[in-house]
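Hi everyone, thanks for coming.

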Amino acid sequence: MMRIIFKKFGFGWVEFTVLAPPISYDILGSNCLCDCLSELLRAVICLHEGDEDVFIEFWEEPHSKFWHLRRDGQRLDIRRYFRKDSVPYDERTCLPDDVRFVDVIETDLANFTRSVHGLFACLLEKYGRQGYEVKWKPFPEMRWAQVQEICDEM
(Lines give C-alpha, C1' and ligand atoms only; values in the text may rest on other atoms or scores of the structure.)
Protein backbone atom coordinates (compact mmCIF):
# COMPACT_ATOMS: atom_id res chain seq x y z
CA MET A 1 0.00 0.00 0.00
CA MET A 2 1.34 3.39 -0.99
CA ARG A 3 1.21 6.48 1.23
CA ILE A 4 2.34 10.06 0.63
CA ILE A 5 3.24 11.79 3.88
CA PHE A 6 3.71 15.54 4.18
CA LYS A 7 7.00 16.53 5.87
CA LYS A 8 7.84 20.23 5.45
CA PHE A 9 6.63 23.27 3.59
CA GLY A 10 8.85 26.31 3.03
CA PHE A 11 8.64 29.44 0.96
CA GLY A 12 8.88 28.01 -2.54
CA TRP A 13 9.50 24.36 -1.69
CA VAL A 14 7.69 21.33 -0.35
CA GLU A 15 8.97 18.02 0.98
CA PHE A 16 7.03 14.81 1.33
CA THR A 17 7.79 11.12 1.75
CA VAL A 18 6.53 8.34 -0.48
CA LEU A 19 6.14 5.03 1.33
CA ALA A 20 5.44 1.85 -0.59
CA PRO A 21 7.32 -0.92 1.24
CA PRO A 22 9.98 -1.92 0.50
CA ILE A 23 10.42 1.40 -1.37
CA SER A 24 10.64 4.67 0.56
CA TYR A 25 11.97 8.03 -0.61
CA ASP A 26 11.64 11.76 -0.10
CA ILE A 27 10.56 14.25 -2.73
CA LEU A 28 11.71 17.86 -2.45
CA GLY A 29 9.93 19.99 -5.03
CA SER A 30 10.63 23.58 -5.96
CA ASN A 31 7.88 25.90 -7.14
CA CYS A 32 10.29 28.05 -9.17
CA LEU A 33 10.15 25.75 -12.17
CA CYS A 34 7.05 23.61 -11.70
CA ASP A 35 3.95 23.17 -9.59
CA CYS A 36 4.35 19.56 -8.54
CA LEU A 37 1.57 19.78 -5.96
CA SER A 38 -1.01 20.82 -8.53
CA GLU A 39 0.47 18.26 -10.91
CA LEU A 40 -0.31 15.48 -8.42
CA LEU A 41 -3.97 16.54 -8.50
CA ARG A 42 -3.86 16.74 -12.30
CA ALA A 43 -2.50 13.19 -12.43
CA VAL A 44 -5.37 11.86 -10.31
CA ILE A 45 -7.93 13.62 -12.50
CA CYS A 46 -6.36 12.45 -15.78
CA LEU A 47 -6.12 8.85 -14.59
CA HIS A 48 -9.76 8.83 -13.48
CA GLU A 49 -10.77 10.33 -16.82
CA GLY A 50 -9.19 7.34 -18.57
CA ASP A 51 -5.63 8.39 -19.40
CA GLU A 52 -3.27 5.43 -19.25
CA ASP A 53 -0.01 7.40 -19.12
CA VAL A 54 0.60 10.53 -17.02
CA PHE A 55 3.92 12.27 -16.33
CA ILE A 56 4.88 14.45 -13.36
CA GLU A 57 8.17 16.29 -12.91
CA PHE A 58 9.54 17.19 -9.47
CA TRP A 59 12.26 19.82 -9.60
CA GLU A 60 14.97 19.45 -7.00
CA GLU A 61 17.41 22.02 -8.33
CA PRO A 62 19.75 21.45 -10.07
CA HIS A 63 18.11 18.17 -11.15
CA SER A 64 14.66 16.70 -11.41
CA LYS A 65 12.77 13.48 -10.90
CA PHE A 66 9.99 12.22 -13.10
CA TRP A 67 7.09 9.97 -12.32
CA HIS A 68 5.58 8.03 -15.19
CA LEU A 69 2.21 6.79 -13.99
CA ARG A 70 0.99 3.91 -16.12
CA ARG A 71 -2.56 2.67 -15.58
CA ASP A 72 -3.91 -0.73 -16.60
CA GLY A 73 -7.51 -0.97 -15.44
CA GLN A 74 -7.33 -0.23 -11.71
CA ARG A 75 -3.67 -1.23 -11.44
CA LEU A 76 -1.16 1.63 -11.37
CA ASP A 77 2.61 1.49 -11.80
CA ILE A 78 4.58 4.58 -10.76
CA ARG A 79 7.96 4.51 -12.46
CA ARG A 80 10.51 6.92 -11.02
CA TYR A 81 13.25 8.45 -13.15
CA PHE A 82 16.15 10.77 -12.35
CA ARG A 83 17.36 13.57 -14.62
CA LYS A 84 20.49 15.59 -13.86
CA ASP A 85 19.78 18.33 -16.40
CA SER A 86 18.54 21.61 -14.97
CA VAL A 87 16.66 22.75 -18.08
CA PRO A 88 12.87 22.57 -17.66
CA TYR A 89 11.18 19.81 -19.58
CA ASP A 90 7.64 20.74 -20.63
CA GLU A 91 6.62 17.80 -22.79
CA ARG A 92 4.08 15.73 -20.86
CA THR A 93 3.58 12.91 -23.33
CA CYS A 94 6.93 11.17 -23.04
CA LEU A 95 10.16 11.18 -21.06
CA PRO A 96 13.25 13.07 -22.24
CA ASP A 97 16.18 11.03 -23.52
CA ASP A 98 18.55 11.86 -20.65
CA VAL A 99 16.75 10.14 -17.77
CA ARG A 100 17.79 7.16 -15.67
CA PHE A 101 15.23 4.65 -14.36
CA VAL A 102 15.28 4.37 -10.56
CA ASP A 103 12.43 2.10 -9.40
CA VAL A 104 8.75 1.31 -9.71
CA ILE A 105 5.90 1.29 -7.20
CA GLU A 106 3.01 -1.03 -7.93
CA THR A 107 -0.27 0.15 -6.45
CA ASP A 108 -3.83 0.74 -7.56
CA LEU A 109 -5.66 3.83 -8.70
CA ALA A 110 -7.82 4.11 -5.57
CA ASN A 111 -4.79 3.94 -3.26
CA PHE A 112 -2.91 6.59 -5.25
CA THR A 113 -6.00 8.81 -5.29
CA ARG A 114 -6.45 8.53 -1.52
CA SER A 115 -2.72 9.20 -0.98
CA VAL A 116 -2.77 12.43 -3.01
CA HIS A 117 -6.04 13.50 -1.36
CA GLY A 118 -4.51 12.84 2.06
CA LEU A 119 -1.43 14.94 1.25
CA PHE A 120 -3.59 17.93 0.29
CA ALA A 121 -5.94 17.46 3.24
CA CYS A 122 -2.90 17.59 5.54
CA LEU A 123 -1.54 20.73 3.86
CA LEU A 124 -4.91 22.46 4.12
CA GLU A 125 -5.41 21.46 7.74
CA LYS A 126 -1.97 22.72 8.71
CA TYR A 127 -1.74 25.90 6.57
CA GLY A 128 -5.16 26.67 5.11
CA ARG A 129 -5.58 28.06 1.61
CA GLN A 130 -3.94 31.39 2.48
CA GLY A 131 -0.90 29.74 4.05
CA TYR A 132 -0.60 27.46 1.03
CA GLU A 133 -0.61 30.46 -1.31
CA VAL A 134 1.92 32.39 0.79
CA LYS A 135 4.37 29.47 0.78
CA TRP A 136 3.67 28.02 -2.65
CA LYS A 137 1.41 29.20 -5.49
CA PRO A 138 -2.28 29.95 -5.91
CA PHE A 139 -4.30 27.10 -4.48
CA PRO A 140 -5.51 24.75 -7.25
CA GLU A 141 -9.15 25.13 -6.24
CA MET A 142 -10.75 23.51 -9.29
CA ARG A 143 -8.43 20.51 -9.28
CA TRP A 144 -8.88 20.03 -5.54
CA ALA A 145 -12.67 20.10 -5.95
CA GLN A 146 -12.45 17.48 -8.71
CA VAL A 147 -10.27 15.19 -6.61
CA GLN A 148 -12.62 15.57 -3.63
CA GLU A 149 -15.54 14.61 -5.87
CA ILE A 150 -13.63 11.58 -7.18
CA CYS A 151 -12.90 10.47 -3.60
CA ASP A 152 -16.53 10.93 -2.58
CA GLU A 153 -17.57 8.62 -5.44
CA MET A 154 -15.02 5.89 -4.64
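Predicted model: local features only at pLDDT ≥ 70, side-chain atom pairs only at ≥ 80, totals over all residues.

Okay, let's look at two helices, H1 and H2. H1 covers residues 36-48, and H2 runs over residues 109-135. Their axes sit 10 Å apart, and the packing angle is about 145°. The crossing of H1 and H2 is left-handed. So who meets whom? On the H1 side you've got Leu-37, Ser-38, Leu-40, Leu-41, Ala-43, Val-44, Leu-47 and His-48, and facing them from H2 are Leu-109, Phe-112, Thr-113, Val-116, Leu-119, Phe-120, Leu-123 and Tyr-132. Sort that contact by class and you get 13 nonpolar residues, 3 polar and no charged ones.

In soluble globular proteins, nonpolar side chains tend to be buried together. Here the largest nonpolar core has 44 residues, and among those touching the most other members are Met-2, Leu-37, Leu-40 and Phe-112. H1 gives this core its largest share, 9 residues.

Last stop, Thr-17, over in strand E2. Is Thr-17 buried or exposed? Its relative accessibility is 10%, and buried means under 20%, so Thr-17 counts as buried. Its side chain makes a polar contact of 2.6 Å with the side chain of Asp-26. Thr-17 also has Arg-3, Ile-5 and Tyr-25 among its contacts.

Key
Residues numbered from 1 in each chain as written. Heavy atoms only, no water. Core = buried A, V, L, I, M, F, W, Y, C linked by side-chain atoms within 4.5 Å. Buried < 20%, exposed > 50% of the residue type's maximum accessible area, 1.4 Å probe, protein only. Helix = DSSP H or I, 4+ residues; strand = E, 2+ residues; numbered from the N terminus. Polar contact = N/O pair within 3.5 Å; in protein donor to acceptor, adjacent residues only side chain to side chain. Contact = heavy atoms within 4.5 Å. Axes fitted to C-alpha atoms, helices over the stretch in contact; angles between N-to-C directions. Left-handed = near helix turned anticlockwise from the far one by under 90°. Nonpolar A, V, L, I, M, F, W, Y, C, P; charged D, E, K, R; others polar. Lists of a residue's contacts leave out its neighbours within four places in sequence.
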